[in-house]
Amino acid sequence: MIRFVTLAGIFLGCALAKADDFPAPRNTEPLGKAPPLAPEAAAKAIGLPQGFSISVFAAEPRVQNPIGIAWDARGRMWVAENYTYAESPLRFDLSHRDRVVILEDADNDGVAEKRSVFTDQVQMLTSVEVGQGGVWLMCPPRLLFIPDRDGDDRPDGPPQTVLDGFEVGKASSHNFANGLRWGPDGWLYGRCGHSCPGKLGVPGTPEHLRVPIRGGIWRYHPGRKVVEVLTHGTTNPWGHDWDANGELFFVNTVNGHLWHLMPGAHLREPSGVSQNPGVYQRLDTIADHYHFDTRGGWQNSRDGKANDLGGGHAHCGAMIYQGRNWPAAFSGKLLTLNLHGRRANVERLERSGAGFAGRHEPDILVSADPWFRGMEITEGPDGGVFVVDWSDAGECHENTGVHRTSGRIYKVTHGKPGKPALPMVTPRCAAGTGRLPALWADYRAGKLAPGALRALLDDPDEKVRAWGIRLITDFWPLDTLMGPLPEARHPSDPEALAAFTRMARTDPGGLVRLALASVIQRLPVDQRAPLATALVARAEDAGDHNLPLLVWFGLIPVGDRAPGDLAKVGLACRWPDTMAMLSRHLAVKSAKDPSGLGLLLAGAADLPADIQQAMLAGMREGFQGWRKAPKPAAWDAYASTGVPRANPEIIRELNTLFGDGRAMAEVGALVLNGKADPRVRNQALQTLIDAKAPDLRSLCEKVLEQRDLSATAARGLTGFDDPAVARRLAQSYRRFHPYDRPAILEALVSRPSFARELLANLGPGKIPREDVGAYHVRQIRSLGDPRLDTMVSQAWGELRDTPADRRKLMAEWKARLPADTLAKADLSAGRALYQKACASCHVLYGEGQKVGPDLTGSGRSNIDYLLENIIDPAAAVPAEFRMTALALKDGRLLTGLVMARNNETLTLRTPTETRAVALADIEETKASPLSLMPDGLLQTLSEAQVRDLFAYLMHQGQVPLPQP
């Protein structure tokens with residue numbers, strides 16, 4: 001009997017299996033699909049540039065389900081075979097076990113003639129690495145070490161857990177921790193996706209001392225038993241490598257495919273905000289392109305179809321070529337396997353500012369094999385390139401089943417390869433000639449005294465200086481996702497710190513300044529300001545892709561603990577982006593400590609105009625949602641100077657916030673001024689809503705039916721618990737522009753008295769029943785009024801709430817939507833339905849709102865995937881898409897996604913708006929396990945409409961809207 005793992009079983013990880021015999025792999029891929037090509041035929045199906053050749057290095061049954069590889073010093077390949085991975089929603093089938101095999105090509109003819117098994121006693125295996133006396137295996141939630149001190153390819157004992165906390169996300173079918181690779185500095189590096197957040201530490205580490213990870217790159221030092229999370233964010237990094245100078249680059253899926261490692265960087269994710277409330281903006285990809293059309297259909301480049309963009313959004317494996325076999329034109333280029341495009345994308349890495357940019361080069365190795373699923377690409381000991389093929393008909397989410405009895409590894413060479421370079425050194429950059437490889441080798445061997453490391457800071461080569469900074473601070477504790485760890489012990493090295501500050505002021509090397517920006521997060525908080533001040537004073541870096549944000553990330557704890565020190569950094573700042581975040585942070589903190597903001601304003605008039613404008617914009621952002629703020633002592637004097645007078649809109653808002661009655665009257669007059677810019681009038685009205693102006697109701701009622709102000713005015717009126725207000729909104733519904741009606745509906749479900757008026761006015765000639773969606777129904781039910789529940793059932797219908805109901809409904813709709821029925825759909829009508837029902841929360845083909853996941857790169861071509869996510873959206877909800885309900889003190893109920901939180905406000909994203917809510921106005925906050933996407937989405941649609949919507953969602957490209 002097949003045993004499928006439950007969630008509790010997943011966390012058992014890589015415990016040794018009791019059975020003596022390796023279980024026969026079972027395929028769960030549905031019958032009827034064409035079988036995989038024979039290995040030799042699959043190799044011939046890969047297009048090669050002129051002069052290249054390909055061989056099947058290994059294939060089934062000698063290797064199956066290869067998920068990762070590594071090389072040992074003898075030039076042998078170690079392969080991680082994963083059999084336990086299973087289709088959703090199972091994710092792992094622990095009746096299987098995983099295996100590590102060793103492949104050897106002693107005669108270097110491109111075919112492995114020898115195979116041996118190192119271990120077949122592990123589960124949930126995603127990666128293997130070899131070195132330092134044994135074998136390292138990533139088996140989430142644990143990093144394991146199997147000792148093999150004598151190198152006889154037999155374990156000296158059972159696996160040892162060296163790290164734990166790499167949890168498997170409850171809603172994740174990929175994103176698992178992976179990618180073990182030795183770095184040139186002697187640390188073991190790895191990767192993890194954002195939907196598998198964890199807390200890392202050696203076994204027994206107390207919870208408060210564990211290092212949080214939510215996507216990104218981490219590293220572990222075996223000698224010191226220390227773990228660091230180097231970057232925070234991205235979606236699912238599944239490939240990295242170092243260039244010849246030791247710069248690490250990694251690839252990712254969905255939201256940008258190419259990234260440069262900068263320790264301490266917070267990187268963009270496809271949705272949501274950072275858990276760190278001081279991270280207001282995150283760094284983006286270094287690539288100047290995407291490998292799919294972000295405004296069109298990414299599916300148009302799937303399945304190996306010729307496409308200049310590169311094939312799709314999913315990337316696996318990364319190799320920066322540094323070998324001797326391929327032509328020199330490939331030297332230093334990064335290659336990554338494009339999962340859907342069945343090819344290798346080529347990136348040209350160029351210096352750009354302090355860091356790098358990735359430029360698109362022509363793709364190579366395009367496969368015509370529909371089963372090709374590239375997982376890893378790496379350079380072998382003779383300079384040949386090895387490509388690992390998982391070989392399956394499914395996609396990265398594996399909704400259909402897993403084909404466990406196939407797998408291939410190809411070797412691609414140019415001409416006849418030379419003799420393998422042995423002993424093999426990894427990473428390849430450490431095997432080169434020149435000063436850096438020798439430097440790394442001496443460092444790993446412990447041969448470099450502190451004085452020798454400090455001497456590197458004066459080297460004429462910026463790359464050596466940058467590495468000097470990194471090696472000096474290699475074991476200085478790095479901030480975590482949320483800031484410095486408690487009890488972090490920072491070494492005292494005033495000589496190095498003085499040298500760093502001098503270099504920040506004068507060093508011409510961008511890589512040096514980038515390294516120094518990272519070092520800020522390795523310093524005690526009270527020692528960060530001087531180094532940051534020296535960096536932000538350099539105006540030439542104001543527009544740099546990385547530095548303004550990277551420096552800010554290190555300054556967040558300074559603003560938390562010493563706002564005055566942060567203000568002094570601001571007075572030296574010549575970077576607008578950094579100033580905007582700095583002043584925003586000081587504004588947020590001003591309720592408890594206004595001294596920092598006051599100090600900044602006292603000297604602000606002497607700053608350049610663009611820096612002052614950034615400062616004011618940051619203050620405006622920081623005060624969003626506040627009703628009133630203490631006026632800084634220096635405000636009146638500053639507000640009368642040149643730059644503030646040139647920005648009257650912001651000054652009026654801030655004066656209103658600071659309690660200036662004249663300013664409030666001016667803002668009210670602006671709202672009523674029909675000749676003013678509608679955007680300015682809306683912002684002015686929102687200012688008065690936030691301030692709870694005395695005449696707010698009268699003002700909102702006056703502009704309620706003005707096209708450009710109606711949605712904002714309706715939100716303002718929800719603050720008044722008067723059925724007359726609700727009655728006017730409901731009875732005037734048809735007079736509102738269709739674009740504004742969602743905001744009107746959201747207002748009408750915000751409190752019981754309003755919801756009664758909505759339901760009383762539901763029907764022909766009033767509020768169309770189809771305009772009221774499942775989101776509104778669930779909101780009304782959340783109000784906890786039995787009379788409203790009865791009214792909802794009578795006016796709208798019942799929601800089918802039980803799991804059995806939803807399973808039955810999914811089966812019913814699947815039976816109603818066979819392929820021949822979907823083929824008759826009106827795709828344009830489906831697009832119109834999507835815009836009405838889905839676009840307020842989802843992006844598709846670059847259009848829509850980024851509240852929920854971007855659907856462009858989802859598994860929507862699979863009808864089971866759509867049915868599960870539409871009919872039972874709460875079955876598997878990632879943390880960032882769980883709904884929160886806010887019960888306000890004035891009787892309203894707001895539901896949405898929490899986007900940010902600080903000491904004064906909470907930012908909530910609803911289907912129609914993003915609003916900052918003062919914490920003082922919230923009576924209760926209740927997190928829900930439910931998705932913001934409600935059940936019952938299909939309930940108001942006819943069968944033809946459901947057909948059209950599903951067909952549009954499954955279609956491989958954008959279609960025009962219906963003709964009016």
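A: Start with pairing: two strands pair if DSSP finds at least two bridges between them. Strands (E, at least two residues) and helices (H or I, at least four) are DSSP runs, numbered from the N terminus. This is a predicted model, where local features need pLDDT of at least 70, side-chain atom pairs count only at pLDDT 80 or more, and totals for chains, interfaces and linings use all residues. Residues are numbered from 1 along each chain as its sequence is written, and side-chain values use heavy atoms, with hydrogens and water left out.

Q: What makes strand S3 and S4 a pair?
A: Five bridges join S3 (residues 77–81) and S4, in the antiparallel sense. The rule asks for at least two. In S4, Leu103 is the bridge partner of Met77.

Q: How do you know that S4 and strand S5 pair?
A: S4 and S5 (residues 114–122) share six bridges, again antiparallel. The cut-off is at least two. Val122 in S5 stands opposite Asp98.

Q: Why is strand S4 called mostly covered?
A: Seven of the seven residues in S4 (residues 98–104) are buried. Buried means under 20% relative accessible area, exposed over 50%, partly exposed in between (1.4 Å probe, protein chains only). Asp98, Val100, Ile102 and Glu104 point one way, while Arg99, Val101 and Leu103 point the other.

Q: Why is the pair of Tyr280 and Trp552 called stacked?
A: Rings of Phe, Tyr and Trp (its six-membered ring) pair if their centres lie within 6.5 Å; planes under 30 degrees apart count as stacked, over 60 as edge-to-face and the rest as tilted. Tyr280 and Trp552 have ring centres 6.3 Å apart and planes at 20°, so they are stacked.

Q: What parts does this pair tie together?
A: Tyr280 lies in the loop between strand S20 (265–267) and strand S21 (315–320), and Trp552 in helix H9 (residues 547–561), so the pair links parts 272 residues apart in sequence.

Q: Why does Trp552 count as buried?
A: Its relative accessibility is 0%. The limit is under 20%.

Q: What makes Phe623 and Trp626 edge-to-face?
A: Their ring centres are 4.9 Å apart and their planes stand at 80°, so the pair is edge-to-face. Phe623 is buried at 4%, and Trp626 is buried at 5%.
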